[in-house]
Amino acid sequence: MSNNLLAGKRGVIFGALDEDSIAWKVAEQCVAQGAKITLTNAPVAMRFGGVQKLGEKLNAEVIPADATSLEDLENLFSKSMEALGGKIDFVLHAIGMSLNVRKNRGYTDLKYDWMQKTFDISAISFHKVMQTLYQMDAMSDWGSIVGLSYIAAQRTFPDYSEMAESKALLESFARSFGYHFAEKNKVRVNTISQSPTMTTAGKGIKGFQEFFDYADKMSPLGNASAEACADYCVLLFSDLSRMVTMQNLYHDGGFSNMGMSPKLIEG
Ligand SMILES: NC(=O)c1ccc[n+]([C@@H]2O[C@H](COP(=O)([O-])OP(=O)(O)OC[C@H]3O[C@@H](n4cnc5c(N)ncnc54)[C@H](O)[C@@H]3O)[C@@H](O)[C@H]2O)c1
């Protein structure tokens with residue numbers, strides 16, 4: 001369904017790797033709602049070819065950028081403004097990766113140089129994206145920036161490991177930078193705290209299927225899908241949410257406010 005909520009808007013979408021990626025669904029939905037976008041991902045992700053396929057389908061230029069590199073980000077935003085014909089109205093940061101999780105290092109045996117890299121990729125990159133946009137004066141007035149988070153920022157989910165701290169940092173950057181961007185030119189910054197979702201990043205967490213099923217039962221509306229997350233992103237990129245900023249918004253079928261669900265006891 002399209003209501004043209006993003007007609008005339010220009011956006012940059014990070015993190016579409018394959019058809020399961022949340023960013024993939026967001027990109028499709030933004031274009032369906034009338035936006036023009038550019039797509040970006042890390043140069044290594046280009047090898048898999050998914051993002052180029054999506055670019056062809058959506059008629060969107062694909063501009064590689066390692067989100068930890070300020071030089072790559074400057075190049076990305078100047079090329080995006082050129083391709084889209086003006087300043088940027090919305091940005092999705094959908095980037096997450098933990099070296100310790102990927103290499104099966106438990107939380108009580110973390111390698112700290114890997115942890116720093118994890119924080120750089122999964123959280124500090126969000127600050128780098130915003131600082132680059134801010135300094136380049138690349139965001140339109142009343143623009144919208146969204147990052148994707150997870151409730152492990154507030155509560156303990158042991159297998160999520162150092163990604164919990166990454167998400168806490170990500171959410172804090174949204175609040176702090178949200179202040180500065182609002183003062184500069186009314187740009188809003190929020191994070192969406194999304195349900196477990198079957199993606200490459202999600203499936204990298206130990207016991208993810210069991211955990212996915214648990215969260216589904218615990219949430220009165222069930223787990224929120226990637227498609228539903230795309231709809232929520234469209235709302236946040238649209239003018240209908242222009243006074244919402246510096247928030248972490250739960251998009252989780254009610255999970256975050258549940259204590260116990262009879263569904264879990266019934267099996
Ligand atoms: N899947 C879930 O259960 C879930 C739940 C809540 C939040 N999230 C968050 O959603 C976001 C998107 O993840 P996803 O689940 O769609 O998985 P995904 O694996 O499809 O996306 C992660 C993306 O990060 C990109 N990336 C990694 N390193 C990068 C770098 N240095 N520079 C630029 N891009 C880089 C990857 O190439 C990939 O496209 C992440 O922030 C993730 O933590 C996911």
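Tutor: Let us begin with a definition: axes are lines fitted to C-alpha atoms, for helices over the stretch in contact, and angles run from 0 to 180 degrees between N-to-C directions. Helices (H or I, at least four residues) and strands (E, at least two) are DSSP runs, numbered from the N terminus. This is a predicted model, in which local features need pLDDT of at least 70 and side-chain atom pairs count only at pLDDT 80 or more, while totals for chains, interfaces and linings use all residues. Residues are numbered from 1 along each chain as its sequence is written.

Student: What makes H5 roughly parallel to H6?

Tutor: The axes of helix H5 (residues 112-136) and helix H6 (residues 163-185) cross at roughly 10° and come within 8 Å. Angles under 35 degrees count as roughly parallel, over 145 as roughly antiparallel, 65 to 115 as roughly perpendicular and the rest as oblique. H5 is therefore roughly parallel to H6.

Student: Which residues of H5 and H6 meet?

Tutor: Two residues are in contact if their C-beta atoms, placed from the backbone, lie within 7 Å. On the H5 side the residues include Phe119, Phe126 and Met130, and on the H6 side they include Leu170, Phe173 and Phe177. By class, this contact has 11 nonpolar, 5 polar and 1 charged residues. Here Ala, Val, Leu, Ile, Met, Phe, Trp, Tyr, Cys and Pro count as nonpolar, Asp, Glu, Lys and Arg as charged, and the others, Gly among them, as polar.

Student: Why is Ile145 called buried?

Tutor: A residue is buried if 20 or more other C-beta atoms lie within 10 Å of its own, exposed if 12 or fewer, and partly exposed in between; the C-beta atoms are placed from the backbone. Ile145 has 27 C-beta neighbours inside 10 Å, so Ile145 counts as buried. Ile145 is part of strand E5 (residues 139-149). Not counting residues up to four places away in sequence, Ile145 touches Val91, Met130, Val187 and Val189.

Student: Which residues does UniProt list for "active site"?

Tutor: The unreviewed UniProt entry lists Tyr150 and Tyr160. UniProt positions are given in the numbering used here, feature names are shortened, and annotations may be inferred rather than shown by experiment. Tyr150 lies in the loop between E5 and H6, and Tyr160 is also placed in the loop between E5 and H6.

Student: How do you know whether Tyr150 is buried or exposed?

Tutor: Tyr150 has 26 other C-beta atoms within 10 Å, so Tyr150 is buried. Leaving aside its neighbours within four places in sequence, Tyr150 is in contact with Lys167, Ser193 and Gln194. Tyr160 has 22 other C-beta atoms within 10 Å and is therefore buried.

Student: Where does UniProt place the feature "binding site"?

Tutor: The unreviewed entry places this feature at Gly15, Ser21, Ile22, Ile95 and Lys167. Gly15 is in the loop between strand E1 (10-14) and helix H1 (22-32), whereas Ile95 is in the loop between strand E4 (88-93) and helix H4 (99-102). Leaving aside neighbours within four places in sequence, the contacts of Gly15 include Ser21 and Ile95.

Student: What makes Gly15 buried?

Tutor: Gly15 is buried because 25 other C-beta atoms lie within 10 Å. Ile95 has 23 other C-beta atoms within 10 Å, so Ile95 is buried.
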